[in-house]
Amino acid sequence: MVDSVFINGTVGAGKSTLAEAMSALETSAGHPHALIDLDSLRRFWPAPASDRFNHRLELENLRHVADNYRRAGAQHFVLAGVIEEAAQVPRYEEALQSDGVLVCRVVANAEVIAARITQRHADDSPVLDWHLRRAPELSAILDAAALDDLVLDSTSASPAELATRLRAAAGW
């Protein structure tokens, strides 16, 4: 059993939706937990050229946030974000003060991802175009990294079904 799950995947794959479903299951089971959307911990402009996605800032913020949540009683962590390289996993374990992180990749077929991205960013054409280009690029990066302990397909499965499978894989 691990105390942390990292929900990994491209934009539009269903990371945040699965994280919310996991949090709902943890809440209904009465387990003290923290749900952390890593995008919110790295939102800073401008990002340094050497770290265009602000991973260093994200990890530093996560370290402090996780410490606060642990002091408040959190026993499980549910994170939604992106890990592109296996070398990053130990950095998240360290920031979480965790003995292990289960990395779960959420995937969906290309048409579903494109539809989700289009719905989310319909009012911002430059952002929409960037995400539509980035999703298949990131998918290839994640395929090559092959660092997932579990892969779940959100194309047609319900978030609750996927959350139940993820909880079982984590031993929760």
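Now show the side chains of Leu-162, Ala-163, Leu-166, Arg-167 and Ala-170, the buried residues of helix 7. They sit on the same side of the helix, because they cover an arc of only 135° around its axis, taken from the directions from the axis to the C-beta atoms. Buried means under 20% relative accessible area, exposed over 50%, and partly exposed in between, with a 1.4 Å probe and protein chains only. These buried residues pack against strand 1 (4-8), helix 1 (15-28), strand 4 (101-107) and strand 5 (150-153). Just after helix 7, look for Gly-171, with a positive phi of about 80°.

A word on what you are viewing: this is a predicted model, in which local features need pLDDT of at least 70 and side-chain atom pairs count only at pLDDT 80 or more, while totals for chains, interfaces and linings use all residues. Residues are numbered from 1 along each chain as its sequence is written, and side-chain values use heavy atoms, leaving out hydrogens and water.

Next, select strand 3, residues 76-81. Six of its six residues are buried, so the strand is largely enclosed by the rest of the structure. His-76, Val-78 and Ala-80 point one way, and Phe-77, Leu-79 and Gly-81 the other. Strand 3 runs parallel to strand 1, joined by five bridges, and parallel to strand 2 (residues 33-37), also through five bridges; strands pair if DSSP finds at least two bridges between them. To trace the pairing, find Asn-8 with its partner Gly-81, then Ile-36 with Leu-79.

Move on to the salt bridges (a side-chain nitrogen of Lys or Arg within 4 Å of a carboxyl oxygen of Asp or Glu). Select Arg-42 and Glu-58, whose side chains meet at 3.7 Å, N to O. Arg-42 is in helix 2 (residues 38-42) and Glu-58 in helix 3 (residues 55-72), so the pair ties together parts 16 residues apart in sequence.

Finish with Glu-84 and Arg-134, whose closest N and O atoms are 2.7 Å apart in their salt bridge. Glu-84 lies in the loop between strand 3 and helix 4, and Arg-134 in helix 6, 50 residues apart. Both Glu-84 and Arg-134 are buried.

How values were computed. Helices (H or I, at least four residues) and strands (E, at least two) are DSSP runs, numbered from the N terminus. Contact means heavy atoms within 4.5 Å.
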